[in-house]
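Please keep the structure in view while reading.

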Amino acid sequence: MEVNKEEFESTCRLFIESVSNYFSVMTDHDSEINVPFLKDITQLELKQYTGMIGISGNKQGYVYFSANQDLFEELINIFIGIDDPDTDDLMDMAGEISNVIAGNIRASLGTNFIISVPLVFEGRPADLEFPEDTFVYVIPLTWRNHQAYVIVGLQ
Amino acid sequence: MNMKLLIVDDSSVMQRTIQKNLVDYDLEIVGTASNGIQAIELVKKHMPDVITMDITMPEMDGITCLENIMAIHPDTKVMMITALSDKLTGLQALEKGARGFIYKPVNSESLTRALDKLLKRKVSGS
């Protein structure tokens, strides 16, 4: 099923609300959403750690949450009070945020918006492939001086 | 004697966040599981009174796990904690035996409030 541009932008607004809600509920500091942009995903530089959720059902595509180590370290410190999380913790955090951001979209789009378990990676794997014919929307955000991206790609 | 709690979530950070948020709550945490299969083994071993259960997990999802647990230990009170925030998923879990349902993101306040309701305790902070 193909997604038109209007429908795609409407879906992206849901992701903006979802990521804003995450930081608002889980921390004492709101995130600042910067101006989203359309991007050729092959040219996008990912941050240090990225959580990826596959989307299937009535929409096909993916959502990424990508940020540097310092953002995940600070979140983990707030949540469980440790200062020196290991790489597994950082990757776990990236996966969990991407899961919550994507899962919350079902409040609006229902059960046919099916999400996968998170896949997490460090850097940008050489074999990372993106489906063709996708609208890719990059939502940059800032939380406590840390920058991150929510990247939404829908066919 | 405190009631026994099992935490089921594929995120280790989320498991520890729940543990930290409940450090002053009168529940004995008897284990943590990262998927439904591990959870069933721990239910057989510890017979927990309360379980917090994620849904989207590898190996076995939380809804399937819930069905299995209800067959083994139907008196346990299972509260689903999931990012899947559509109403139908919540209703499906309740139909299969869950006693409560809250959506991620979950902070300390929303977690203890949900547990107070589940366990019919006096509401925290009132």
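Is Leu88(B) buried or exposed? The model is a predicted one, and in it Leu88(B) has a relative accessible area of 54%, so this residue counts as exposed, the cut-off for that class being over 50%. Leu88(B) belongs to helix α4 of chain B, which covers residues 87-95, and together with Leu91(B) and Leu94(B) it makes a nonpolar surface patch of about 290 Å².

In chain A, helix α3 comprises residues 87-103, and its 17 residues reach 24 Å from the first C-alpha to the last, which is close to the 24 Å expected at 1.5 Å a residue. This helix, α3(A), is mostly covered, with 14 of its 17 residues buried. At its N-terminal end α3(A) is capped by Asp86(A), a side-chain oxygen of which lies 3.2 Å from the backbone nitrogen of Asp88(A).

A further site in chain A is Thr27(A), which is found in the loop between α1 (5-26) and β1 (32-33). Thr27(A) has a relative accessible area of 5% and is therefore buried, since that class requires a value under 20%. When residues up to four places away in sequence are left out, Thr27(A) touches Leu75(A), Ile78(A) and Trp143(A). The side chain of Thr27(A) also reaches two backbone oxygens, as tabulated here.

| Side chain | Backbone oxygen reached | Distance |
|---|---|---|
| Thr27(A) | Phe23(A) | 2.7 Å |
| Thr27(A) | His29(A) | 2.8 Å |

Conventions:
Residues are numbered from 1 along each chain as its sequence is written. Chains are lettered from A and ligands numbered from 1 in the order in which they are written. This is a predicted model: local features need pLDDT of at least 70, side-chain atom pairs count only at pLDDT 80 or more; totals for chains, interfaces and linings use all residues. Side-chain values use heavy atoms; hydrogens and water are left out. Patches are made of residues with over 30% relative accessible area and no salt bridge: like charges are joined within 9 Å, nonpolar side chains (Val, Leu, Ile, Met, Phe, Trp, Tyr) within 5 Å. Accessible areas come from the Shrake-Rupley method with a 1.4 Å probe; for residues, only the protein chains shown count as cover. A salt bridge is a side-chain nitrogen of Lys or Arg within 4 Å of a carboxyl oxygen of Asp or Glu. Helices (H or I, at least four residues) and strands (E, at least two) are DSSP runs, numbered from the N terminus. Buried means under 20% relative accessible area, exposed over 50%, partly exposed in between (1.4 Å probe, protein chains only). The expected span of a helix is 1.5 Å times one less than its number of residues. A polar contact is a pair of N or O atoms within 3.5 Å; within protein, one must be able to donate a hydrogen and the other to accept it, and residues adjacent in sequence count only if both atoms are side-chain atoms. Contact means heavy atoms within 4.5 Å.
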